[in-house]
Amino acid sequence: MGVVRSVTQSFAVMRLLAGSSPLSLSAIGRALGLSPSSAFNLLKTLEREGAVERDGATKAYRIAPAWAAIEALGEPRAQAVIAAARPRVARLAQEADAAVALWRIIPRDRLQLVVRAESDAGMRIGIADGQRQPLGGGAAGRAMAAAQRIDRAELARRYSAVHWQIDLSFDAYAQQVELAARKGFAVDDGFAHRGICSVGVAIADIGPGFCLSASVFAGSRTAEEIDALGAKLVALRTALTG
């Protein structure tokens with residue numbers, strides 16, 4: 001019996017929206033490898049059937065409340081983490097004057113943004129909806145590698161997949177992962193994104209695997225303040241998983 005591609009794609013859209021913040025048409029297309037026209041037609045159909053909703057102001061799409069409650073669209077614990085993260089991530093972004101995000105592991109060794117929030121400061125860091133990055137990249141990638149306790153060969157494979165904006169040797173990267181394992185959080189000071197310092201904490205025991213990150217402008221915080229930001233992320237992880 002043949003597979004109906006449009007039905008498969010429709011469920012992919014619904015699973016994506018069930019596990020993320022509202023996404024734009026273009027973000028959905030990028031995340032699922034769909035052309036703009038295909039994504040638009042699928043979303044219009046799902047909206048007509050009441051499975052997804054479109055925000056009139058932001059034009060972003062979200063899963064309809066009745067469908068969001070269906071456990072088959074996502075692992076229950078994972079959905080609980082995402083739902084609990086939304087208000088807490090927003091609160092921490094304001095308290096810490098940082099861009100705070102929750103990422104999850106997706107196929108092809110990538111991390112995908114599922115929840116994000118920014119402070120109200122005039123000069124602030126923005127993170128695009130649906131953004132993806134290599135699994136080994138940034139503070140989140142280091143934190144996940146430390147939490148998963150991967151071997152050196154796997155660490156080297158993840159490291160080599162990242163296009164570093166500032167030169168970073170593998171030995172230095174490995175040492176940063178070891179430091180993350182000891183401290184409970186990881187730091188990327190401009191290597192993944194020039195001018196941005198990020199702190200990351202992993203949630204590795206809830207599938208498919210999540211990471212929290214907080215990003216500030218490089219040089220804007222002391223070492224002690226970066227450590228304090230890491231401690232806040234650790235506390236947030238506890239709140240989400242407890």
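User: Quick one: which element gives the most to the lining of the second largest pocket?
Analyst: That's α6, with three residues. Before going on: this is a predicted model, where local features need pLDDT of at least 70 and side-chain atom pairs count only at pLDDT 80 or more, while totals for chains, interfaces and linings use all residues. Residues are numbered from 1 along each chain as its sequence is written, and side-chain values use heavy atoms, with hydrogens and water left out.

User: What counts as a pocket and its lining?
Analyst: On a 1 Å grid over the protein atoms alone, a pocket is an open set of points where a 1.4 Å probe fits, with protein on both sides within 12 Å along at least five of seven lines; lining residues have an atom within 4 Å of a point.

User: OK, which residues lie nearest the centre of that second largest pocket?
Analyst: Trp103, Gln133, His193, Ser198 and Ser215, out of 16 lining residues. α6, β7 and β8 each supply at least two residues of the lining. Helices (H or I, at least four residues) and strands (E, at least two) are DSSP runs, numbered from the N terminus.

User: Back to α6. Why is it described as largely enclosed by the rest of the structure?
Analyst: Nine of its eleven residues are buried, so the rest of the structure largely encloses α6. Buried means under 20% relative accessible area, with exposed over 50% and partly exposed in between (1.4 Å probe, protein chains only). Among the buried ones are Gly138, Gly141, Arg142 and Met144.

User: What happens just after α6?
Analyst: Arginine 149 takes a positive phi there, about 55°.

User: Which residues touch the most other members of the largest nonpolar core?
Analyst: Trp103, Leu155, Trp164 and Tyr173, in a core of 31 residues. A nonpolar core here is a set of buried Ala, Val, Leu, Ile, Met, Phe, Trp, Tyr and Cys residues joined through side-chain atoms within 4.5 Å. The elements giving two or more residues to it are β3, β4, α6, α7, α8 and β7, and α6 gives the most, with six.

User: And what is tyrosine 173 in contact with?
Analyst: Leaving aside neighbours within four places in sequence, tyrosine 173 is in contact (heavy atoms within 4.5 Å) with Gly136, Arg142, Leu155, Tyr159, Trp164 and Leu168.

User: Switching to the strands: in what order do they form the open sheet?
Analyst: Six strands run β5-β4-β3-β8-β7-β6, with antiparallel pairing. Two strands pair if DSSP finds at least two bridges between them. β5 and β6 stand at the edges with a single partner strand each, so one side of each has no neighbour in the sheet.

User: How many bridges join β3 to β8?
Analyst: Six, between residues 99-106 and 210-217. Valine 100 has alanine 214 as its bridge partner in β8, and tryptophan 103 has cysteine 211. On the β4 side, seven bridges join β3 to that strand.

User: How many residues lie between β3 and β4 in the hairpin?
Analyst: Three, and arginine 108 in the turn has a positive phi of about 65°. Isoleucine 106 stands opposite arginine 110 in β4.
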